[in-house]
Amino acid sequence: IYLNEARTRYQQVIDQWPDQPIAGEATLRLAGSYIATFDPEQSRKGLAVLQQWLESHPKERLASGMWQYIGDTYFEQFQEYRPALDALIKADEIGFLEKGREGPIYWRMAVIAERHLNDLPTAIKYYTKIVTMTPTSGKGYESQLALQRLGAPVPELILSVGGASATTQPARKEVKP
């Protein structure tokens, strides 16, 4: 009963102030009220709410977060890797809302691209972003190893802590004849 009332109120805000920032937030909350049920039919309805909003409001100030939510939902609830990665790429192109926390998202994107879609150029792009842009994310060294495994250039991992810095390169495997 309360969920339906909340959905009605969110829709009223969207309808009454469609060009105001509050409408985007109401859209995100309306979609979340469906996605958070983890019922496949309801979750798909929530995804449709977000995708329709983004089609008509591409400059939405919360667009990056919406695309990330779409990507995470496709990944976590449906294991649909192509739409998950496509949505996360859109969020990255806009710029993630939580600056400084991109590392785990880049890791998810690289792993989806490599392991699930065999999209090696995209995997390389995001492994490289981890090493060069989020070196302290906890996945820098693993990303270097992945780049090495994929035969891609391996940038140095530059860590800076309290004025001191360190660089690392993954150990090269010896190939025995």
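Here is a short chat about a predicted model and a few of its helices and loops.

Colleague: What should I know about the numbering and the confidence cut-offs?
Modeller: The model is predicted, so local features need pLDDT of at least 70 and side-chain atom pairs count only at pLDDT 80 or more, while totals for chains, interfaces and linings use all residues. Side-chain values use heavy atoms, with hydrogens and water left out, and residues are numbered along each chain as its sequence is written, from 1.

Colleague: Which pattern does the protein follow along the sequence?
Modeller: Helices (H or I, at least four residues) and strands (E, at least two) are DSSP runs, numbered from the N terminus. There are 8 helices and 2 strands in the protein. Read in order, the pattern is α-α-α-α-α-α-α-α-β-β.

Colleague: What percentage of the 177 residues is buried?
Modeller: Buried means under 20% relative accessible area, exposed over 50%, and partly exposed in between (1.4 Å probe, protein chains only). On that scale, the buried share of the protein is 42%.

Colleague: At what angle do H2 and H3 pack?
Modeller: Axes are lines fitted to C-alpha atoms, for helices over the stretch in contact, and angles run from 0 to 180 degrees between N-to-C directions. H2 and helix H3 (residues 40–56) have their axes 6 Å apart. Their packing angle is about 160°.

Colleague: Are H2 and H3 roughly parallel or roughly antiparallel?
Modeller: Angles under 35 degrees count as roughly parallel, over 145 as roughly antiparallel, 65 to 115 as roughly perpendicular and the rest as oblique. Residues making the contact (heavy atoms within 4.5 Å) include Gly24 and Ala31 of H2 and Gly46 and Trp53 of H3. The pair H2 and H3 is therefore roughly antiparallel.

Colleague: Which residues does Gly24 contact, leaving aside neighbours within four places in sequence?
Modeller: Gly24 lies in helix H2 (residues 21–35), and it counts as buried because its relative accessibility is 0%. Its C-alpha atom is 9.4 Å from that of Met66, 42 residues apart along the chain. Beyond those neighbours, the contacts of Gly24 are Trp53, Glu60, Leu62 and Met66.

Colleague: How many Å apart are the end C-alpha atoms of H4?
Modeller: The expected span of a helix is 1.5 Å times one less than its number of residues. Helix H4 (residues 63–78) has 16 residues, so it should span 22 Å. H4 is also mostly covered, with 13 of its 16 residues buried.

Colleague: Is Asn118 buried or exposed?
Modeller: Asn118 sits in the loop between helix H6 (103–116) and H7. Its phi is positive too, near 50°, in a residue other than glycine. With a relative accessible area of 59%, Asn118 is exposed.

Colleague: Which residues does Thr134 contact, again leaving aside neighbours within four places in sequence?
Modeller: Thr134 is in the loop between helix H7 (120–133) and helix H8 (140–149). It is buried because its relative accessible area is 10%. Its contacts beyond those neighbours are Glu102, Gly103, Tyr106 and Lys129.
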